[in-house]
Amino acid sequence: MQNHKKTTNDFGTLDEIRERKDALLEEIQHDKDKVASLWNETFRKREESSKGDYIASLVSNGFMAVDAILLIRKLMKGYSSLFGKEKGKRRRWL
């Protein structure tokens, strides 16, 4: 959970503004480092343990690609009027 801090501040001097600015810059740098480490961890390349795993992942990705193509084809066929493919035809909804 994130801590929600008070967004309005009353500053009396320029030194207080500079201190707040420095504190915010430190928080931003800390958050930037945290996001960068999470991002790098997300896209870390996993090592394949064998050639069989590599082939299995290729087959799996191939099936997902074919499934996506068939889904898009089915959606385009059913909802082609939304995409402007049937300009001259008028469909009746029963």
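Trainee: Is Asp-22 buried or exposed, or partly exposed?
Mentor: Asp-22 is partly exposed, at 44% relative accessibility; buried means under 20% relative accessible area, exposed over 50%, and partly exposed in between (1.4 Å probe, protein chains only). This is a predicted model, where local features need pLDDT of at least 70 and side-chain atom pairs count only at 80 or more, while totals for chains, interfaces and linings use all residues. Residues are numbered from 1 along each chain as its sequence is written, and side-chain values use heavy atoms, with hydrogens and water left out.

Trainee: Which helix is Asp-22 in?
Mentor: Helix α1, residues 14-42. Helices (H or I, at least four residues) and strands (E, at least two) are DSSP runs, numbered from the N terminus.

Trainee: OK, salt bridges. How many are there?
Mentor: One, with a side-chain nitrogen of Lys or Arg within 4 Å of a carboxyl oxygen of Asp or Glu as the rule. Asp-15 and Arg-18 make a salt bridge, 3.5 Å from N to O.

Trainee: How far apart are Asp-15 and Arg-18 in helix α1?
Mentor: About one helical turn, because they sit three residues apart in helix α1. Arg-18 is partly exposed, at 48% relative accessibility.

Trainee: Switching topic: how many helices and strands does the chain have?
Mentor: Two helices and zero strands. Of its 94 residues, 1% count as buried.

Trainee: And where is Phe-63 found?
Mentor: In helix α2, residues 51-78. Phe-63 is exposed, with 60% relative accessible area.
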